[in-house]
Structure formats: C-alpha cells, structure tokens
Amino acid sequence: MAQNNSNRYYIILGALGLLLALYTFHLFRLQVLNKSWKTKAEENAIREKTIHPARGFIYDRNDSLLVYNDAAYDLMVVPKELRNFDTSELCRVLDMEIVDVRKKIEKAKKYSGSVPSLFKQQISKEDYGYLQEKMSEFPGFFVQERTLRTYPQPIAAHILGYVSEVDDQDVENDSYYRMGDYIGKSGIEKAYEPVLRGVKGKQKVLVDVHNREVGPYNNGEDDVVAVPGTSIWSTLDMQLQRYGEELMSGKRGAIVAIEPKTGEILCLISSPNYDPNLLVGTARPKNYGKLVADPEKPLFNRALQAAYPPGSTFKLANGLIALQDHIITPSSVYSCSGGGYHLGSHVVHCHNCGSLNIYSAIQRSCNTFFCRAYYNILSNRVKYKNIDEAYTAWLDYMSSMGFLQQFNTDLPYELKGRIPTAEYFDKKYNNSWNGNTVVSMGIGQGEAAVTPLQMANMLAVIANKGYYIRPHVVRAIGKKDSLNTQFSEKVYSKIEPRHFETVLQGMRQVVTAGTGRGAAIPGIEVAGKTGTAQNPHGRDHSVFALIAPANDPEIVIFCLVENGGFGATVACPIASLMAEFYLNRKVERTDLEQRMKEMKIK
C-alpha cells in the first residue's frame, strides 16, 4: 500500500513538473519568441509623424527670389490618445474658444481615431516653444513642423498664386493628400503643384509617459526621408513687374508684356493688386474675406479673365485679314469724309481723314477705312458664297492669331474672351444680316470682347511676322538651364509673313507722326497703336499696343486702363515707360514717370 502511495506521489509530481515546464515554455514563446506583444506594448509609446517636404522656391528669370519658405508649426491631435487635459489652458495658449476646441476634436474623431488630424495650423514660434514645454499636460496632442510660403516682394500675386488647406474634393481627387495638407490653389502654385510640393516622408518616434518625444524608434530604420519640392524659374522680370504695378497704382486695368520670340511672359499685371503675404498663415481666412468683399475686386485677374472691347488696337488684326484676302493692297486708298462711315442714318464717327492707304489709316486710326475694309471682307462673294461663310472664315483668321481660345499653358483660370459665331447672328437677326450689321467689330467695338493676354499675343504674332509661341510663365524647372520646352512649338497664323511688315510700318508711323507720339523712346525704334474702347458703364477705356524695338522686337506690351479715356492719354505713356525700363533698365523721362505713378482714375 505504501508502495502504491509512493508511486502515485511521483506520478503527480511528474505531471505537475511537466505542466510547469509546458507553461514556462509557453511564456517563453509568447514573451521572447513572439514579438507581437512587444510590438503592441511599444505601439502605445510610438508616434508616427508625417514629414512634410519644403515646397520648391520660385525665382524670376534673373534669379531674384519671388517665393521661399519660412518655418511654421501645426498642432496635431490623435483622438485615441486623448486623456483628460486642462481645456481652458489650451484655449488660453492657442487663443481659442472651448466650443471650437470641442468641435475640432469631434471632427478629428470622425476622420480617424488613430490617424493624426490638424488641430491648429501655423501656430507662432512663441506658442510652439511654450507648447513644447507643456506637452505632458496635453496627451494626444503633438506639434508638427511645416513650412510657410513667404514673399519677399509684395508683387505678382495673381501670377504666383497662393497655397491653402486642401478641401474634400482635393483629397478625393488625389490620394497624396490628407486633411490638413496644403495645396496650390491658383497661379504658378496651382499649375506646378506636383513639381513644387515634393514627396512626404514618415518618421516614427518614441514618446514617454509625459507625452514627450525621446528619440527615434528602431534607430530610424523604418523612417522614410521627405523629398523637398523642386524649384522653378519663372519667365517674369521681377523689376519690370514691380515697376508696372507702381505705374498702375490707383488705376484699374491690366498690362501683359511678352518676349515674342519665346512666348515668355515678362510681366502680367492686374490692377488693383494685393500683397500675396495677406493670404499666408492664420490671417489668411480673414484677409481673404476682406479681399472678396472689396468692391474693387483685387482677386479678379483682369489680364486673364476680363473680356474687354479691344478698341482700335483690333484694327491691326482686321487690316492683316483684309490684306490676306486681297480686299486691299498696301497701295489701296479709301476716302474718309462726311464725318465718318455712314450706315443710313447711323454714322460711325471719324475725323474726315481724307484719302488713306493702310499705313496712314493705322497712323491716324481711321474708323472709316477699317469699317469699309471689314464690310468688304464679309461681302467678298468672289471667295465666299454667303455672309455665314465669310464671317466664319474671318473667325478662323482670328483664331489663328490666338483669339477665341484658351492657350492652355501654365495659366490657371484663363478665359477665351467672347466673339460670337455666325449662328449667333443668324439667330439674333433672323438670318437677315450683313457686314454693316456687325461693322463695329471692324474697329474693335460691338460684340468683340477679348482678354489682355490675347491682345498681347496678337502683338507677338505681328512681331514674329506670322507665328506665336503659346504664352507661359515658367522658364525652367529644377535648374535655371533646364528650360521648360513643353511650350516651345511655333503656332502659325493664316496670314502670309509679307503682310506683317505692312502693318508694322503703319504702327511705326503711329509713334513717329500719329496718335501715339507719346510712346517715342529716344534711341529705340518703337511701333504702337492707340485705342479708345467704348465702355457702356462709364468713361471709355484707354488702350495701347506696343512693339519694341520695331526692327528686332524684344518685347510686346498691351496696356488697358479702365475709364482712362483716350489711348494716348494714359495707356500709351505707361506702356512706353515700361518698354524703356525693360530695354534700358532705367527711365530718363522721370517727369512723365512721376505723373503716371501719381495719377488716380476712378
């Protein structure tokens, strides 16, 4: 019996030993061999941060810095890591209301419990320093470094554009973005967003029980380095842009200057302008609201989006078409008498210019000459069987010079102006109309409405004697010598090259002996054309078109000043001063310069 009890004892002891050994092995497997528990424990002390790359810089064509980055800080929140904290203290530091704090936390929870959400963007350096010292009091919050766009010169806001927080549509359209990210919304910032934004990085950091970052996780082996954005060299001449904005101060309108051989935009001015720094940082929403409410509409890009009657500068295009369609020759003469061009009881007024060929007609801006030429273009039954066919052919000529279309380059929100089709007039006049019905378009009035960019491009066609390169604002990407070749193709008009010399000679006479004598620049051969665009809402607009030097063009300028009156009065001297500044890098006519800068036009 004793032997049986002894055997039973050893059996139970052996079983307990085996069970203990199995339990010990299981613990060893869980705690040593199996890493998942260690990982789960560490996850409570690991924070994954997105490293936002610095956006690429933007330079002008001469290496002057137009846009760079400054340090900024965003306060992020991870809802699942939130614990009780002093809400009133956080409100005090961030200058927020308690109700706003609660709303932001609820919004973050709806977005994701574990993914960081933007709580407060672009906090000041002072608040950043204070928060870093007190992060232990705000579990679930952490500060993330960002960059902020900075503009050393308060110019070129419309063409540089601005950056702001993404919206739902941005996130839906591109998986790169998360709520709280920034994106280019207009101008170069929008057109070259994929180039400027860079590539995000990732960083895992260890966080202690006091919500303080104590170092990289796993020696940084899991981190992904952010790739900075690529810098861009714009086509803009910063000094010319600034000078033009000074000349347009106190005036409404637009100036577009293009280097005709390349299609590069040297300056693009929409006035009134605004300081691009206003749309940066925490003050952006407030400032944006003020700019939207401003009756002067400083956010409206008049150079790309306003459709103006071009006035007499449109006569240049119609003169070219008349020459091309053999309606006139350089020696053809029309007579201007009786006060203008007569349409029954209606008269398109002119100044009894006498007998004129196209050279003198451009020189004196004769309405009668160009009304007759335009009427004859649309009445040409040798070449066209009816008014619809003739008018459509005229539209094709216009389109070949850059009208009736968007250039679709790197100019966001560009519009194509308004010139009606033949079908429009068929419907409006019940299929009963002729050249006289729409003759006002022969002198840039009536239904014709074009953008300043299109008019500047037309001048490039004349300067190049028949072609243009689509206007654009970025010259190089990555390096100054890495030229942007995507906009280098020549687009040829339907006008033969020989006719441009005729029109250019007429424009030269405008400056030497005609309506644009105020555009003359000592030592430079200037060609130009004045225009006075009728405005049904008030005083006429002042318009001037300039090409210089006329014998080897380096710059074309189209200037329109709203309510400025005669083209020779305001737009002409402004365009001339800009050409002088660009070609000579200084201005000798300082009295004229001062007068234009001080002139205010309502």
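A: Let's start with S332, which is in contact (heavy atoms within 4.5 Å) with L356, N357, I358 and F369, leaving aside its neighbours within four places in sequence. Before going further: this is a predicted model, where local features need pLDDT of at least 70 and side-chain atom pairs count only at pLDDT 80 or more, while totals for chains, interfaces and linings use all residues. Residues are numbered from 1 along each chain as its sequence is written, and side-chain values use heavy atoms, with hydrogens and water left out.

S332 sits in the loop between α13 and β13 (334–336); helices (H or I, at least four residues) and strands (E, at least two) are DSSP runs, numbered from the N terminus. A polar atom of the S332 side chain lies 2.8 Å from the backbone nitrogen of T329. That is a polar contact, meaning a pair of N or O atoms within 3.5 Å; within protein, one must be able to donate a hydrogen and the other to accept it, and residues adjacent in sequence count only if both atoms are side-chain atoms.

I358 also turns up in the surroundings of T502, which, leaving aside neighbours within four places in sequence, is in contact with L323, P330, I358 and Y359. T502 belongs to helix α19 (residues 497–513). At 7% relative accessible area it is buried, since buried means under 20%, exposed over 50% and partly exposed in between (1.4 Å probe, protein chains only).

Now for α13 (315–324) itself. Its axis comes within 10 Å of that of helix α18 (residues 452–463), and the two cross at roughly 45 degrees. Axes here are lines fitted to C-alpha atoms, for helices over the stretch in contact, with angles from 0 to 180 degrees between N-to-C directions. The pair is therefore oblique, because angles under 35 degrees count as roughly parallel, over 145 as roughly antiparallel, 65 to 115 as roughly perpendicular and the rest as oblique. The crossing is left-handed, that is, the near helix is turned anticlockwise from the far one by less than a right angle (clockwise would be right-handed). L316, A317 and L320 of α13 meet M458, L459 and I462 of α18.

At its start, a side-chain oxygen of N386 reaches to within 3.2 Å of the backbone nitrogen of D388. Just after α16, G402 takes a positive phi of about 105 degrees.

T451, in the loop between α17 and α18, is buried at 2% relative accessible area. Leaving aside neighbours within four places in sequence, its contacts are A303, L304, A306, L415 and G417. In the loop between α18 and β17, K465 has a positive phi near 55 degrees and is partly exposed at 29%.
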